[in-house]
There are 4 protein chains.
Amino acid sequence: MSAPQSQRKVQVGVLGATGTVGQRFIVLLSSHPYFVIRALGASSRSAGQKYKDAVRWKQSVPIPKSVEDVEVRECKADQFEGCDIVFSGLDSDAAGDIEKAFRAAELAVFSNAGNYRRDPQCPLIVPLVNPEHFNIIPAQQKALSLSKGFIKAFGPLETVMVTTMQAISGAGYPGVSSLDILDNVVPLIGGEEEKMEWELSKILGGLSDDKAAFALRHDSKNPLAVSAACNRVPVLDGHLECASVRFAVRPPPSLQAIKDALRAFRSEAQDLGCPSAPQQAIFVHDQPDRPQPRLDRYFQNGSGVNVGRIRECPVLDIKFVCLVNNVSIGAATSSIINAEYAVAKEIV
Amino acid sequence: MSAPQSQRKVQVGVLGATGTVGQRFIVLLSSHPYFVIRALGASSRSAGQKYKDAVRWKQSVPIPKSVEDVEVRECKADQFEGCDIVFSGLDSDAAGDIEKAFRAAELAVFSNAGNYRRDPQCPLIVPLVNPEHFNIIPAQQKALSLSKGFIKAFGPLETVMVTTMQAISGAGYPGVSSLDILDNVVPLIGGEEEKMEWELSKILGGLSDDKAAFALRHDSKNPLAVSAACNRVPVLDGHLECASVRFAVRPPPSLQAIKDALRAFRSEAQDLGCPSAPQQAIFVHDQPDRPQPRLDRYFQNGSGVNVGRIRECPVLDIKFVCLVNNVSIGAATSSIINAEYAVAKEIV
Amino acid sequence: MSAPQSQRKVQVGVLGATGTVGQRFIVLLSSHPYFVIRALGASSRSAGQKYKDAVRWKQSVPIPKSVEDVEVRECKADQFEGCDIVFSGLDSDAAGDIEKAFRAAELAVFSNAGNYRRDPQCPLIVPLVNPEHFNIIPAQQKALSLSKGFIKAFGPLETVMVTTMQAISGAGYPGVSSLDILDNVVPLIGGEEEKMEWELSKILGGLSDDKAAFALRHDSKNPLAVSAACNRVPVLDGHLECASVRFAVRPPPSLQAIKDALRAFRSEAQDLGCPSAPQQAIFVHDQPDRPQPRLDRYFQNGSGVNVGRIRECPVLDIKFVCLVNNVSIGAATSSIINAEYAVAKEIV
Amino acid sequence: MSAPQSQRKVQVGVLGATGTVGQRFIVLLSSHPYFVIRALGASSRSAGQKYKDAVRWKQSVPIPKSVEDVEVRECKADQFEGCDIVFSGLDSDAAGDIEKAFRAAELAVFSNAGNYRRDPQCPLIVPLVNPEHFNIIPAQQKALSLSKGFIKAFGPLETVMVTTMQAISGAGYPGVSSLDILDNVVPLIGGEEEKMEWELSKILGGLSDDKAAFALRHDSKNPLAVSAACNRVPVLDGHLECASVRFAVRPPPSLQAIKDALRAFRSEAQDLGCPSAPQQAIFVHDQPDRPQPRLDRYFQNGSGVNVGRIRECPVLDIKFVCLVNNVSIGAATSSIINAEYAVAKEIV
């Protein structure tokens with residue numbers, strides 16, 4: 001369809017435009033080099049209003065002038081005709097039926113909704129994309145990048161133990177009550193540990209068979225044991241993880257080899273010149289107390305993975321700290337990079 | 001010396017009485033059934049002043065009337081004559097020489113100072129006590145209680161992996177700058193991981209040889225692997241830990257057997273009727289999102305260990321969440337229970 | 001009816017027992033000297049369940065044993081027969097019709113619900129009480145105590161300017177989203193400024209005519225100007241206020257006279273020996289940085305008013321800082337003191 | 001000296017380069033259109049080291065490549081030869097003697113240090129600048145801009161009452177202990193209220209005589225009464241203020257006239273095209289719950305003043321909420337704009 005090289009503009013729509021994720025899409029898209037907002041969709045209650053009147057704006061920049069007076073539409077496919085791409089910031093509650101209808105109308109939807117009734121990783125989310133080349137939009141992008149970094153260099157992982165300290169924005173808005181989290185840690189995020197253990201097992205476990213394509217079945221020759229403990233902490237944005245891993249390869253790679261491999265890792269989105277991709281996919285910190293959520297979550301606009309404290313683990317091989325911006329690379333930015341990738345590959 | 005049964009009062013002194021730990025000692029001691037504050041010591045700058053003028057009081061109850069006008073003394077042994085027991089809230093900087101001098105004067109010092117130049121677990125801290133019966137005041141009391149609970153029932157542990165989320169009060173006052181911790185997690189507490197790994201290895205590893213006495217050498221027949229990752233979180237009091245353990249015994253005990261054993265665990269301090277000991281040494285929570293620092297840290301005056309979310313670990317045997325009040329059982333309350341124990345045993 | 005002197009027990013019920021305020025009522029009542037919980041009411045969804053199964057318990061002490069297995073009832077008057085007093089922790093949404101029905105059934109309801117469709121101060125809330133003696137349960141108890149302290153000694157106030165920094169618990173549960181308040185202040189609490197200005201004008205303005213009875217109409221001879229600015233701050237419990245006032249009397253009283261008058265102030269609830277009343281109704285702090293929400297909100301179980309920094313105001317007469325625990329004296333404790341007062345006066 | 005039009009580069013030095021303010025200077029200067037960092041000064045302990053080794057970097061972007069390997073110098077004037085301008089991020093402790101020495105060496109110093117032994121507003125801070133045109137760098141820039149906005153349009157103010165909720169970064173690093181401020185408000189900032197009352201009286205009171213020059217004496221014809229109450233809140237950056245003012249002119253201007261005047265206000269720095277000046281000096285918010293510190297403090301890179309909730313005050317004329325980024329327009333950015341202004345005026 002559209003080639004970014006020629007700077008041909010790509011018309012995009014945003015579903016759930018008045019919500020938190022929708023607002024972030026609008027901020028990111030309003031300064032994008034070739035995506036142009038053509039249509040904004042929200043609930044029927046908002047439809048017909050000017051965007052600035054329908055939204056309770058919560059971003060740290062004012063509403064972009066270009067969308068202030070745009071009339072909000074209903075989230076129906078015929079309202080988004082002429083859009084090459086539709087970004088969805090809908091809740092999983094609403095996402096199911098609406099996104100299905102858009103798919104039926106052959107509109108490419110890039111969605112953040114982790115719709116639990118279906119496979120959150122599967123091509124359903126990007127329905128028109130060739131699954132051989134573009135079949136996973138990971139909820140846990142960080143794990144993917146990191147693991148790809150590890151695996152490209154050293155082969156499969158055998159064991160992963162991870163304790164997460166997850167930001168409140170991960171629960172959406174209004175999400176976590178301030179009465180639950182101020183001066184506190186909540187050591188339970190419903191369903192999150194099972195999801196992480198299952199997704200990591202699937203993604204990492206399967207990689208050894210077919211490293212290029214992220215095969216979706218578990219590889220019996222490389223059983224992977226994953227144990228996750230998930231906590232909610234009083235941090236606005238940025239999920240921090242303390243992880244320990246054991247490699248299949250013996251002896252395990254040296255700490256220096258691991259640092260070098262992570263720093264050298266490049267994703268295909270970078271090589272294709274996707275404008276929202278980070279310069280450095282995995283940034284390895286040398287300062288012993290980094291990464292920290294508040295200090296490092298906006299580095300590279302939150303589009304990279306931050307790793308630090310790579311050191312030996314007395315139980316497994318290595319342990320380290322990992323930080324990912326759950327609202328950027330973990331959500332809106334990720335969808336935008338995926339769309340840029342699809343544009344670059346001329347899939348959309 | 002003194003028998004609590006007869007309610008004979010025990011005269012006590014407090015070193016570092018104007019500091020944070022000293023203030024907590026004073027709050028706890030001012031309502032104690034048989035400890036009576038006889039002398040308060042602080043820096044020579046404060047000596048000679050009334051306590052209420054020397055202290056910058058930070059507790060949530062007013063200064064006890066009984067100490068308001070007490071004249072602060074210098075931390076010299078001759079100023080504490082007549083004290084049966086001396087509690088020390090001194091920083092490790094000051095603690096070394098002062099506590100040594102008190103020991104030389106044959107005054108029993110119960111100290112919170114983890115003095116890193118020496119063995120923080122060793123009888124040096126309680127110098128006049130028979131080491132066969134009373135040789136460890138753990139910095140990590142929680143680990144001890146928990147592990148004793150496990151080990152009494154199921155034998156030694158083989159592997160422990162733990163990620164901590166530690167409260168800011170663990171760093172003393174002024175300690176952690178608000179600019180470092182608000183809306184943040186700091187994934188490094190200098191020296192803490194090494195200390196935890198070493199202490200746990202020593203304490204738990206050695207238990208299988210001589211369960212009664214906490215032998216101080218590592219047991220080569222039962223090598224213990226410990227890996228710790230320590231984080232500072234924006235929580236005032238209460239260290240939360242996500243732990244996974246593997247038992248030596250195969251097959252491992254069932255989840256129910258573990259819960260039962262932890263609930264049944266009693267410490268000797270409880271059996272002796274120490275008034276500051278908790279009713280329940282290890283409280284096992286059934287609510288799936290507990291323990292939480294803010295909600296559970298003051299339960300039983302912070303003198304017990306809270307455990308929750310005991311569940312199977314896909315990598316080791318079980319994983320669970322543990323909460324200990326670092327300023328109560330982790331510090332002042334712990335010293336007071338130790339002193340009560342010594343009184344009950346007629347050691348002091 | 002019941003005389004506390006004879007320790008005759010008073011049977012009480014709790015409406016909205018599973019909510020935040022209801023849980024606090026239960027904690028306070030479970031250790032009360034003469035109130036005995038007889039019935040717990042909640043939504044029809046919870047009715048029929050054991051309390052421990054119906055509630056998502058959020059208190060820092062475990063559920064009292066005495067109520068764990070109590071069967072939750074519907075909030076209907078016939079379910080509360082035999083209750084001498086009913087405490088209501090219902091939201092204002094639900095409170096209107098239910099409390100009306102209870103009143104019709106001649107059950108004395110002590111409610112926290114500030115039901116905005118009606119007069120939040122009026123006897124409607126305590127419908128069976130003689131309005132000459134017991135007609136106001138202020139939402140802003142602090143203002144009342146303080147102003148009574150001022151006015152008893154110095155006559156009416158002329159001008160009040162107040163800026164509040166209000167705790168998140170004031171908005172109920174789930175109330176304020178953590179995404180709105182962490183690392184932030186929200187300079188708007190909908191309707192709160194108007195409410196404060198109106199209530200203070202009414203209560204204080206009217207006092208000069210009939211000091212004993214809090215006449216409900218404005219006194220034209222003593223016009224009172226009140227200006228309030230209300231902010232939500234990331235504090236769990238405890239509303240802090242910076243106030244400046246001007247007295248009608250010229251010259252204004254001295255700072256020392258004001259401190260003395262506030263310290264000397266006693267409420268009738270204290271004189272009657274109400275067990276939940278504070279020892280000191282207004283505690284005047286001398287430390288220049290007190291009161292502080294976290295340090296002082298639980299002093300006297302949160303049943304008193306904390307005042308500090310009484311100093312001259314370059315614009316009006318004096319300025320000071322005031323702290324009131326919005327969940328104790330501002331809510332549950334206040335209702336309980338009111339009920340104790342009614343019992344002592346033999347009104348109920 | 002240097003004309004920005006011709007893009008001639010201006011060589012600058014930074015004193016206190018390893019501290020918090022120094023780090024912010026470096027971040028801002030590293031992307032400045034015509035200031036070029038030539039020399040970095042710090043304590044003699046750091047001198048001789050590479051900047052990246054001497055600093056404990058706390059910013060949310062990595063150390064700029066251009067300064068990583070710069071050798072840190074001592075803060076002596078001869079080490080800064082060739083610098084056209086020197087920015088000082090020194091503490092007031094160190095600032096006095098060092099800045100005096102630099103002034104003696106005829107180096108233009110733009111300092112953040114509010115040196116309390118001297119007049120914090122006075123030309124001493126910018127010693128080589130013509131005092132008729134450039135004599136005040138306000139610690140309370142917000143007050144200045146706002147009041148200039150008011151006064152240009154409506155003449156002098158008569159009464160100002162203000163309650164501040166000030167960010168922790170205002171206290172420097174490490175500054176406020178996390179144990180003092182988490183879940184808390186501290187209603188005292190030593191000396192701050194007196195400073196605000198005195199500075200505002202001086203600056204605003206004097207304006208009516210000589211609006212162009214900020215005459216430094218109080219204007220007896222226009223007595224100004226100012227009352228301030230200052231609080232520290234758990235917010236990282238951004239001082240929020242609730243203010244009420246009374247104008248001298250009767251009747252007072254309408255709310256709409258005030259909004260219009262504030263929106264129309266332009267500072268000379270804007271007119272001169274200073275690149276770090278905000279597009280809009282005073283941004284008037286229409287959303288009723290704005291400005292908020294976390295959402296609005298970085299708008300326009302924190303270089304503007306945010307005002308909202310302009311409404312009538314029942315006691316004075318109007319009340320409103322004001323937000324100023326204390327680390328941008330309140331500190332480093334302010335110094336840089338001042339330097340740009342001096343460059344544009346060819347003063348430096």
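Colleague: How many salt bridges are there between chain D and chain B?

Modeller: This is a predicted model, where local features need pLDDT of at least 70, side-chain atom pairs count only at pLDDT 80 or more, and totals for chains, interfaces and linings use all residues. Residues are numbered from 1 along each chain as its sequence is written, chains are lettered from A and ligands numbered from 1 in the order in which they are written, and side-chain values use heavy atoms, with hydrogens and water left out. A salt bridge here is a side-chain nitrogen of Lys or Arg within 4 Å of a carboxyl oxygen of Asp or Glu. By that rule, the count between chain D and chain B is two.

Colleague: Which side chain meets Asp180(B) in a salt bridge?

Modeller: The N to O distance for this salt bridge is 2.5 Å. The side of chain D that touches chain B has ten nonpolar residues, four polar and three charged. The partner of Asp180(B) is Lys58(D).

Colleague: What area is buried between chain D and chain B?

Modeller: Buried area is the accessible area (1.4 Å probe) that two parts lose on being put together, summed over both. Carbon and sulfur atoms give 67% of it here, and Ser178(D), Leu179(D) and Leu182(D) supply 41% of what chain D buries against chain B, more than any other three residues. The total comes to about 1,400 Å².

Colleague: Is Ser328(A) buried or exposed?

Modeller: Ser328(A) sits in the loop between strand S11 (318-324) and helix H11 (332-344) of chain A, with helices (H or I, at least four residues) and strands (E, at least two) taken as DSSP runs, numbered from the N terminus. Beyond its neighbours within four places in sequence, Ser328(A) has contacts (heavy atoms within 4.5 Å) with Asn301(A), Gly302(A), Thr333(A) and Ser334(A). Buried means under 20% relative accessible area, exposed over 50%, partly exposed in between (1.4 Å probe, protein chains only). Its relative accessible area is 10%, so Ser328(A) is buried.

Terms used
Ala, Val, Leu, Ile, Met, Phe, Trp, Tyr, Cys and Pro count as nonpolar, Asp, Glu, Lys and Arg as charged, and the others, Gly among them, as polar.
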